[in-house]
Amino acid sequence: MTYNHAAQSKIELNKQQVTAGSVLMGVGGALALAGAAMAGTALVTALRQRVRQMDVPPGELARQHWSAVRHATSAGMDVWLKEQPAAQGQPAARR
């Protein structure tokens with residue numbers, strides 16, 4: 001194998017442009033981060049205000065809904081089990 005070093009050309013970079021581009025990307029990233037932090041703060045503030053205005057705290061509301069789901073699931077399971085045909089001599093077992 002032979003390599004022809006003469007055929008390869010060197011890449012010439014304008015160091016000032018690369019440096020300026022890097023600085024602009026850093027400044028842009030910092031601005032984006034600052035914007036994201038500001039928007040996040042506004043969202044968290046709005047969420048806290050909404051929670052304070054609620055009649056029932058979110059944890060209690062979740063417990064109420066979970067209790068309703070368990071009750072409805074139990075009632076649905078009871079009806080479903082009653083409508084199943086009895087297996088040959090074996091009573092329907094609850095799971």
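The legends below describe an overall view and close-up views of a predicted model.

Local features need pLDDT of at least 70 and side-chain atom pairs count only at pLDDT 80 or more, while totals for chains, interfaces and linings use all residues. Residues are numbered from 1 along each chain as its sequence is written, and side-chain values use heavy atoms, with hydrogens and water left out.

**View 1. Overall fold and surface.** The protein has 2 helices and 0 strands, taken as DSSP runs (helices H or I, at least four residues; strands E, at least two) numbered from the N terminus. Of its 95 residues, 1% count as buried (buried, under 20% relative accessible area; exposed, over 50%; partly exposed, in between; 1.4 Å probe, protein chains only). The accessible surface is about 9,300 Å², with 62% belonging to carbon and sulfur atoms; areas come from the Shrake-Rupley method with a 1.4 Å probe, and for residues only the protein chains shown count as cover.

**View 2. Helix α1 and its N-terminal cap.** The end C-alpha atoms of α1 are 57 Å apart, in agreement with the 57 Å that its 39 residues should span at 1.5 Å a residue (expected span, 1.5 Å times one less than the number of residues). Asn 14 caps the N-terminal end of α1, with a side-chain oxygen 3.1 Å from the backbone nitrogen of Gln 16.

**View 3. Nonpolar patch at Leu 13.** Ile 11, Leu 13 and Val 18 make a nonpolar surface patch of about 350 Å². Patches are made of residues with over 30% relative accessible area and no salt bridge, like charges being joined within 9 Å and nonpolar side chains (Val, Leu, Ile, Met, Phe, Trp, Tyr) within 5 Å. Leu 13 lies in the segment before α1 (15-53) and counts as exposed at 64% relative accessibility.

View 4. The structure holds 1 salt bridge (a side-chain nitrogen of Lys or Arg within 4 Å of a carboxyl oxygen of Asp or Glu). Glu 60 pairs with Arg 63 in a salt bridge, the closest N and O atoms being 3.4 Å apart. Because Glu 60 and Arg 63 are 3 residues apart in α2 (residues 58-83), about one helical turn separates them. Glu 60 is partly exposed at 32% relative accessibility, whereas Arg 63 is exposed at 55%.

Methods
Polar contact = N/O pair within 3.5 Å; in protein donor to acceptor, adjacent residues only side chain to side chain.
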